Amino acid sequence: MQDGNPELSSLVQHAREATAIAAPAAVARAAAVPAVAVEREFVRFNRLHRTLHACMIVSFLSLAITGLTLKFSYTGWAVVLSRLLGGFQTAGYIHRFAAVIMFGTFITHLVDLYRTKKRNKQSWRSLLFGPNTLLPTRQDLREFLATMKWFLHLGPRPRYGRWTYWEKFDYFAVFWGIFIIGATGLTLWFPVFFTRFLPGSFINVATIIHSDEALLATGFIFTVHFFNTHLRPEKFPMDTTIFTRRMQLAELQRDKPREYETLVARGELEQHLAQPHPPIVVRTIRAFAWGALAVGFGIVVWIIYAMLFAYR
Ligand code: HEM
């Protein structure tokens, strides 16, 4: 069957190669996966994860563009952008609207965590400290050190599980950012309310924190997060998993061998497999993702330019 289908043969070959670097026990278990499973893809995220990530992208890009337009309002670029947005005042309104979407996304995620816990009849302990936790663990520290060794050709690539240490870092960067940027942003939005119990000078402090933390967050997302996710040699030029919700099985075996082996050992892999999306859906997703990447890189260039030649 594989001989007649070169694409499938190469996928199977890829899967075999990826499995060959796994432990012998895992190789034996992988061999037990039915051939038809290789054709299907591994569903890594659910629909809500995808929707929330898309809302995060749209709100973050809108906040960054409008926020930087306000911050660098004295540069020619910002004046051009503000005209496109309908003026500086309108940029401020769009900024607030996008902030509401971001808060909504964040709250929906927290509610979803709670509902997932209830649905799975899990305790907080197993949700927060179980094997698939997003909290940093000792295993992450070990994998971080092993990855540094691997970079230096001093050891093998770690056998990552469901979440790698850098994915956890990116996830918590958003938590931290929302608390700091969100809290200071609300202070700027409702200064009269907040100065009822905070000194007036706090508004100046909040402006500096909001503005500089925003710059840090923007720089981080569009360099470190983009590099970790899309520009690594295995993923270049783009990883569409969060948009398609799926990844190829060979990719799962190579990138997250520990998760793959656990699913195979528990006999749960089959229930995570689905047919790939039709090409038109994948092309549409790629167009959206390319657009977001291009805007993100454009913002990085703008920040570097503004910092070098226009920062006051
Ligand atoms: C999520 C909640 C957020 C809220 C509630 C919020 C709110 C605000 C408000 C009210 C202002 C003043 C706007 C004006 O003068 O009309 C502002 C300014 C600004 N915001 Fe936000 N914002 C948020 C998130 C962000 C994010 C994520 C970024 C960047 C990625 C950002 C970047 C900026 C920048 C650069 C300014 C200009 C500060 C300055 O004048 O130096 N904001 N924000």
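**Figure 1. Helix α4 gives the most to the shell around the ligand, with seven residues.** Helices here are DSSP runs of H or I with at least four residues, numbered from the N terminus. The structure is a predicted model, in which local features need pLDDT of at least 70 and side-chain atom pairs count only at pLDDT 80 or more, while totals for chains, interfaces and linings use all residues. Residues are numbered from 1 along each chain as its sequence is written. At least two residues of the shell come from each of α4, α6, α9 and α11 (201-231). Of the 24 residues around the ligand, those that come nearest are G67, G92, G185, S211 and A214; a residue is near a molecule if its C-beta atom, placed from the backbone, lies within 6 Å of it. The shell comprises 13 nonpolar, nine polar and two charged residues. In this classification, Ala, Val, Leu, Ile, Met, Phe, Trp, Tyr, Cys and Pro count as nonpolar, Asp, Glu, Lys and Arg as charged, and the others, Gly among them, as polar.

**Figure 2. The largest nonpolar core has 19 residues.** Such a core is a set of buried Ala, Val, Leu, Ile, Met, Phe, Trp, Tyr and Cys residues joined through C-beta atoms within 7 Å. The residues with the most contacts inside this core are F60, L61, L63, A64, L68 and M102. Two or more core residues come from each of α4, α6, α11 and α15 (279-309), and α4 gives the most, with seven. A second, separate core has eight residues, including F42, L249, L252 and L263.

**Figure 3. L61 lies in helix α4.** L61 counts as buried because it has 20 C-beta neighbours inside 10 Å; a residue is buried with 20 or more other C-beta atoms within 10 Å of its own, exposed with 12 or fewer, and partly exposed in between, the C-beta atoms being placed from the backbone. Leaving aside neighbours within four places in sequence, L61 is in contact (C-beta atoms, placed from the backbone, within 7 Å) with A292 and V295. The C-alpha atoms of L61 and G296 are 7.3 Å apart, although 235 residues separate them along the chain.

**Figure 4. Helix α6 spans residues 88-119.** Its 32 residues reach 46 Å from first to last C-alpha, close to the 46 Å expected, a span given by 1.5 Å times one less than the number of residues. Buried residues in α6 are A91, H95, A98, A99, M102 and T105. These buried residues pack against α4 (47-71), α5 (76-85) and α9 (165-189).

Technical notes:
Contact = placed C-beta atoms within 7 Å.
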